[in-house]
Amino acid sequence: MPETFFTAPPHWGWYIATYFFVGGIAGGAFVISSLLALFGRAEDRPVVRLGHYVALAGALLSGALLTADLTRPERFWHMLVQSKTGLPMLKPWSPMSVGAWGVLGFGVVAALAAAGSIAESRPGLWQRLARLNRGPMQAATALAGSLLGFFLAGYTGVLLSVTNRPLWADSDLVGLVFLLSAASSGAAALLLLGDWSGGVSELTRHWLARFDRTALMLELAVLVIFLATLGPALAILRGAWGAVLLGGVIGAGIVAPLVLERRTPALLASVSPAALVLAGSFLLRVVIVFAAQQVHVAGTEVVLP
Amino acid sequence: MSPEPMGFFTDTTVCIGCKACEVACKEWNQLPATNGGRTLMSGLSYDNTVRLDGINWRHVKFIEQFSEDRSSGRWLMMSDVCKHCVQAGCLEVCPTGAIIRTEFDTVVIQSDVCNGCRLCLAACPFGVIDINPASNTAQKCTLCYDRLQAGLEPACAQACPTDSIQFGPVSRLKQQAQARLDQLRALGETRARLYGADESMLGGLNAFYLLVDEPEVYGLPRDPKLPSRRLLAGSVFSLAGAVIMGLIAWITLRRRRVEEEHA
């Protein structure tokens with residue numbers, strides 16, 4: 001039996017699963033937005049701005065979810081400042097410690113970018129702020145945004161691996177799976193919100209959909225390798241959680257959107273592939289977070305879900 | 001001069017399952033009997049508390065090994081506790097610095113620093129830590145840090161009526177454990193073994209055990225590891241994914257621009 005089965009669950013629930021999902025979308029959307037700002041065209045600007053808003057909203061929601069999940073929320077700042085010395089708190093080898101700074105930095109850069117985008121889209125209002133979205137300032141926020149966005153997308157999975165829990169610490173690939181899922185769900189969120197808010201050019205839409213498909217295909221490949229290399233820990237996924245992973249995450253969240261993008265049967269015309277991608281991405285976090293935590297030791301017996 | 005590393009040697013062969021250690025620990029450390037008002041009695045054998053957690057810092061495990069007709073068999077009993085690992089997974093990951101190593105080489109969670117992120121719960125290779133509902137922080141055995149500072153031995157070791165729990169400098173405990181192991185082997189108990197007494201297991205467990213069966217029988221991992229073992233590979237794979245996705249975006253955006261210029 002793997003040594004990870006003899007450990008105890010951290011009682012991470014819906015707050016954390018939702019944070020992994022929201023943080024992934026925010027990170028993925030900021031990366032996409034930044035790359036479009038750096039290498040895209042004028043037609044891409046609406047989605048660049050949309051990505052900034054998604055990143056900021058996601059960062060704020062992430063901070064709220066993470067704080068609410070603490071059993072002592074009023075001490076959230078202990079992650080950033082040593083409470084007894086007032087010195088900065090950072091352990092480069094602890095993903096949660098680095099992550100606390102990552103979320104903060106991501107939020108700051110996303111706020112700058114979003115401020116620039118508001119000024120850019122409302123001529124006359126705070127025109128000096130619009131400079132944030134032009135020239136060297138834009139290059140700086142886009143570079144920082146893509147680095148911090150990729151970090152936010154992937155570190156959560158690495159954090160899970162740097163524990164001793166089953167499933168999480170039984171693979172080196174959780175971070176990569178989360179990162180690819182964040183890329184696809186970030187693109188999907190921009191597609192959905194873009195359709196809803198309007199003004200997105202066909203040129204951008206086409207590229208976003210293609211980027212999304214590429215991310216989904218890579219995610220599928222890495223998920224298969226993840227499952228194939230889990231070894232004895234795969235026992236956790238033999239039951240209902242495995243069914244959710246196969247049917248919900250892989251079937252409905254990856255394969256279905258890939259098929260629907262190519263040829264949509266009339267019956268399913270109302271089903272948006274992007275909505276399916278988002279649902280699958282959420283279910284992925286739910287399965288990974290919850291399935292692992294149902295393994296525990298009662299007395300001396302290892303109990304599996 | 002800092003004191004020597006201190007620890008526990010728990011000799012399970014003389015444990016009688018009286019749970020005096022559990023009671024002494026609860027009394028000294030003022031740990032509640034109920035978990036947030038809920039009384040949790042398992043009804044599992046003689047084991048009412050089931051696991052180590054925020055309000056149970058000592059846990060006596062009961063293992064019944066009987067044949068089908070109960071004509072032969074034995075009871076194994078083991079008082080489990082935080083292992084105070086020399087390389088401690090909880091201390092390694094704690095993002096607030098709440099978990100410290102003391103002058104006695106023990107591992108202690110500072111309750112006034114912990115903010116309850118619960119990463120240490122998942123990082124501990126033995127599932128020792130949980131949230132204490134009285135403080136709403138992560139808690140576990142402190143090896144009675146307050147008593148050690150006053151020159152006393154931990155409450156559980158003092159209460160243990162058979163000296164199954166022995167307290168002292170780790171170097172001396174290791175000699176005692178080796179002597180006891182040799183004695184048991186000479187008496188023909190070939191299943192006897194030490195668990196965590198040497199440095200191969202997490203640099204050594206400052207609370208180590210003498211067992212008479214496989215570690216798994218006692219609900220212990222055979223080869224416990226540090227959480228950081230996945231840090232490098234996990235980060236490199238994620239970084240590679242980021243580079244690949246970034247390159248794909250860059251190449252496709254460039255190609256899109258070139259195609260447009262041609263059209």
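Axes are lines fitted to C-alpha atoms, for helices over the stretch in contact, and angles run from 0 to 180 degrees between N-to-C directions. Helices (H or I, at least four residues) and strands (E, at least two) are DSSP runs, numbered from the N terminus. The model is predicted, local features need pLDDT of at least 70, side-chain atom pairs count only at pLDDT 80 or more, and totals for chains, interfaces and linings use all residues. Residues are numbered from 1 along each chain as its sequence is written, and chains are lettered from A and ligands numbered from 1 in the order in which they are written.

Helix 5 of chain A spans residues 174-197. Its 24 residues reach 33 Å from the first C-alpha to the last, close to the 34 Å expected at 1.5 Å a residue; the expected span is 1.5 Å times one less than the number of residues. Of the 24 residues of helix 5 of chain A, 19 are buried, so this helix is largely enclosed by the rest of the structure. A residue is buried if 20 or more other C-beta atoms lie within 10 Å of its own, exposed if 12 or fewer, and partly exposed in between, with C-beta atoms placed from the backbone. Just after helix 5 of chain A, A:Gly198 has a positive phi of about 75 degrees.

Helix 5 of chain A packs against helix 6 (residues 202-228) of chain A at an angle of about 155 degrees, with the axes 8 Å apart. The two helices are therefore roughly antiparallel to each other. Their crossing is left-handed; a crossing is left-handed if the near helix is turned anticlockwise from the far one by less than a right angle, and right-handed if clockwise. Residues of this contact include A:Leu180, A:Ala187 and A:Leu191 of helix 5 of chain A and A:Leu208, A:Ala215 and A:Val222 of helix 6 of chain A. Contact between two residues requires that their C-beta atoms, placed from the backbone, lie within 7 Å. By class, the contact of helix 5 with helix 6 of chain A comprises 17 nonpolar, 3 polar and 3 charged residues. Ala, Val, Leu, Ile, Met, Phe, Trp, Tyr, Cys and Pro count as nonpolar, Asp, Glu, Lys and Arg as charged, and the others, Gly among them, as polar. A:Leu218 lies in helix 6 of chain A and is buried, with 21 other C-beta atoms within 10 Å.

The axes of helix 2 (residues 45-69) of chain A and helix 5 of chain A come within 10 Å and cross at roughly 115 degrees. This makes helix 2 of chain A roughly perpendicular to helix 5 of chain A. The crossing of these two helices is right-handed. A:Val47, A:Leu50, A:Gly51 and A:Val54 of helix 2 meet A:Ala189, A:Leu190, A:Leu193, A:Gly194 and A:Ser197 of helix 5. The residues in this contact are 6 nonpolar, 3 polar and no charged.

Between the chains, the contact takes 58 residues from chain A and 61 residues from chain B. On the side of chain B that touches chain A, helix 7 of chain B gives the most, with 18 residues. That side has 31 nonpolar, 16 polar and 14 charged residues. Helix 4 (residues 135-161) of chain A and helix 7 (residues 231-262) of chain B pack at about 150 degrees, with axes 9 Å apart. Helix 4 of chain A is thus roughly antiparallel to helix 7 of chain B, and their crossing is right-handed. In this contact, residues including A:Phe150, A:Gly154 and A:Val158 meet residues including B:Ser238, B:Gly241 and B:Ala242. The contact of helix 4 of chain A with helix 7 of chain B has 3 nonpolar, 9 polar and no charged residues.

In chain B, B:Phe9 is placed in strand 1 (residues 6-11) and counts as buried, with 27 C-beta neighbours inside 10 Å. B:Phe9 touches B:Gln166, B:Leu173, B:Gln176, B:Ala177 and B:Phe208, not counting residues up to four places away in sequence. B:Arg70, which is not a glycine, has a positive phi near 60 degrees. B:Arg70 lies in the loop between strand 2 and strand 3 (73-81) of chain B and counts as exposed, with 8 C-beta neighbours inside 10 Å.

Conventions
Parallel < 35°, antiparallel > 145°, perpendicular 65-115°, else oblique.
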